[in-house]
Each structure stands twice: as C-alpha cells, then as structure tokens.
Amino acid sequence: MPASWAGELKLSSKSGSVRTEADFELGSLDATASSGSVRVAGVKAQAGIRLASTSGGVSAIRLAAGGDVALESSSGSVRVDSVEGASVSAHSTSGGVHMDSVTAAQIVATSKSGSVRIGRLEGAFELDSSSGGVSVDGGSGHGSAQARSGSVKLRLDGGLDGDLALESSSGSCKLWLPAGSDLNLKAHTGSGSLHLPEGGSLSYNEKGNEATGSYGATPQYKVDMSASSGSVRLEWI
C-alpha cells in the first residue's frame, strides 16, 4: 500500500498473528486476531487506531492518532511504547499492561490479572490492577491509581495539574512529587504507618493512622492516599 492513504485499513486473522512494521499514514486502523498476537509499529492515523487479540499479546510501538487509541487483549499482555492519541486505553483480562511512554488527554490502563507499569505519562489517567501492582516512573497529570492486590507507586516529577487519588487494598501506597508542591492532603492506612514530609499543616486522628491538612501557601489540588494493609508515604523530589 502507499506510504500515505486517507482510507480505513482493517486487518484480521482468525488463526495467526497480525504484524506490521512499515511506517505509513492512513485514515484509521483496525487490527484484530482471534488466535495470535497483534503487533503494529510506525503508524500515523488521522482518526483512531484499534488493536485487539482474543488469545495473544498486543504491542503498539510509535503510534500517533488524531482520534482514540484502543488496545485490548483477552489473554495476553499489552505493551506500549511511544504512543500518542486523543485518548489511549489499554486493557488486559489475563496479563499485564506495560507502557513505556504515552501522551494523551485521557489515559486508561487496566489489568484484571497482572501489573500495570507506566514508564512515563502525560495527561489525565485512570490506572487499575485487580491482581498486581500499579507504578508510574515519571510524568505529570492527574487522575486515579488503584491496586487491589499489590502496591501503588507513582513518581510525578512534572507535578500535578488536577486532583489525585491513590488506593491499595493489599500493599503500600507511595507518591513522589516536586518539592514545594502546594496541595490538600488526606492520607489513611488501615494497618500500617504514615510517612509524610515535615512542613505541612496536618491534623492526625487519635490512632495516628489518618492525616488531613495541606502543604504550601495556596493549595489548589487534592491528594487522597489510602492503604488498607500497608504504609502510606509522600516524599518530595
């Protein structure tokens, strides 16, 4: 096919993998495999991109879309590297979700049986793992991160641009933010300890397992951190 095409491209395999490595531009892309993996690299789409596998992994590398990017695997991991879109969603029913770099107005990553790991993100996000940890190594934005069986660890070196909610049902909850961040904080642990920076205006309950208050002169955003069984830690970087 030509290097640039304004139409919609559909690729489908019922028994085997779908793979494309050539760099090209098109209107939109829909690539699916019933029994096999899906790997797409180097595609630019004017509209949306959808990659899905019923039984196999999904890999998205160097993708850019003017619309939404949707990635889904029913039985396999989802791996993302350098993907941009109006929104980017990645979902795995049985496997982890690993994103090295993603930029979008809305980022959603969920795994029912595996960890959610993000190298770097920029944008609003919703991260959820039913069986595994959730981690972000760097970036900026706002949103939520939840792990029902594992720890939540977020390093947002670019700071917040909205409210943030972190929750771990069975594990620790850790957050790193730039020094001098102004924020309203609520931190709670059911069975663990609180480790919070000095210099804030905080009030603790009688048990000492919940703290509310603020940091900075003009706190704008709310940060809610909760761990049912584990420690809660906020640190400046």
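Reader: Which residue's side chain makes a polar contact with the side chain of Asp 30?

Author: The model is predicted: local features need pLDDT of at least 70, side-chain atom pairs count only at pLDDT 80 or more, and totals for chains, interfaces and linings use all residues. Residues are numbered from 1 along each chain as its sequence is written, and side-chain values use heavy atoms, with hydrogens and water left out. A polar contact is a pair of N or O atoms within 3.5 Å; within protein, one must be able to donate a hydrogen and the other to accept it, and residues adjacent in sequence count only if both atoms are side-chain atoms. At 3.2 Å, the side-chain partner of Asp 30 is Arg 50.

Reader: In which strand is the place of Asp 30?

Author: Strands (E, at least two residues) and helices (H or I, at least four) are DSSP runs, numbered from the N terminus. The run that covers residues 28-33 holds Asp 30, and its label is β4.

Reader: Leaving aside neighbours within four places in sequence, which residues is Asp 30 in contact with?

Author: Contact means heavy atoms within 4.5 Å. With neighbours within four places left out, the residues that Asp 30 contacts are Leu 9, Lys 10, Leu 11 and Arg 50.

Reader: How many helices and strands does the secondary structure of the protein come to?

Author: Asp 30 sits in one of the strands, β4. For the protein, the secondary structure comes to 0 helices and 23 strands.

Reader: What percentage of the residues of the protein count as buried?

Author: Buried means under 20% relative accessible area, exposed means over 50%, and partly exposed is in between (1.4 Å probe, protein chains only). Of the 237 residues of the protein, the buried share is 46%.

Reader: Ser 140: buried, partly exposed or exposed?

Author: Ser 140 belongs to strand β14, residues 139-147. Its relative accessible area is 16%. Since the limit for this class is under 20%, Ser 140 counts as buried.

Reader: With which side chain does the side chain of Ser 140 make a polar contact?

Author: Beyond four places in sequence, Ser 140 is in contact with Leu 121, Glu 122, Gly 123, Leu 156, Gly 158 and Gly 159. One of these also makes a side-chain to side-chain polar contact with Ser 140, at 2.5 Å: Glu 122.

Reader: How far apart in space are Gly 123 and Gly 141, C-alpha to C-alpha?

Author: Gly 123 lies in strand β12 and is buried at 13% relative accessible area. Not counting residues up to four places away, Gly 123 touches Ala 104, Ala 105, Ile 107, Ser 140, Gly 141 and His 142. Gly 123 and Gly 141 are 18 residues apart in sequence, and their C-alpha separation in space is 4.7 Å.

Reader: How far apart in space are Ile 118 and Asp 100, C-alpha to C-alpha?

Author: Ile 118 is in strand β12, which covers residues 116-129, and counts as buried at 1% relative accessibility. Its contacts beyond four places in sequence include Met 99, Val 102 and Ala 109. Ile 118 and Asp 100 are 18 residues apart in sequence, with a C-alpha to C-alpha distance of 5.7 Å.

Reader: What is the angle between the planes of Tyr 215 and Trp 236?

Author: Rings of Phe, Tyr and Trp (its six-membered ring) pair if their centres lie within 6.5 Å; planes under 30 degrees apart count as stacked, over 60 as edge-to-face and the rest as tilted. This rule gives a count of 1 aromatic pair. Tyr 215 and Trp 236 form an edge-to-face pair with centres 5.3 Å apart, and the angle between the planes is 90°.

Reader: In which strands are Tyr 215 and Trp 236?

Author: Tyr 215 is buried at 3% relative accessibility, whereas Trp 236 is partly exposed at 28%. The pair links distant parts of the chain, 21 residues apart, with Tyr 215 and Trp 236 in strands β21 (residues 210-215) and β23 (residues 232-236).

Reader: What value is phi of Arg 62 near?

Author: Arg 62 is found in strand β8, residues 58-65, and is partly exposed at 43% relative accessibility. Its phi is positive, in a residue other than glycine, and is near 50°.

Reader: What value is phi of Ser 82 near?

Author: Ser 82 is found in strand β10, residues 78-92, and is partly exposed, with a relative accessible area of 35%. Its phi is also positive in a residue other than glycine, and is near 60°.
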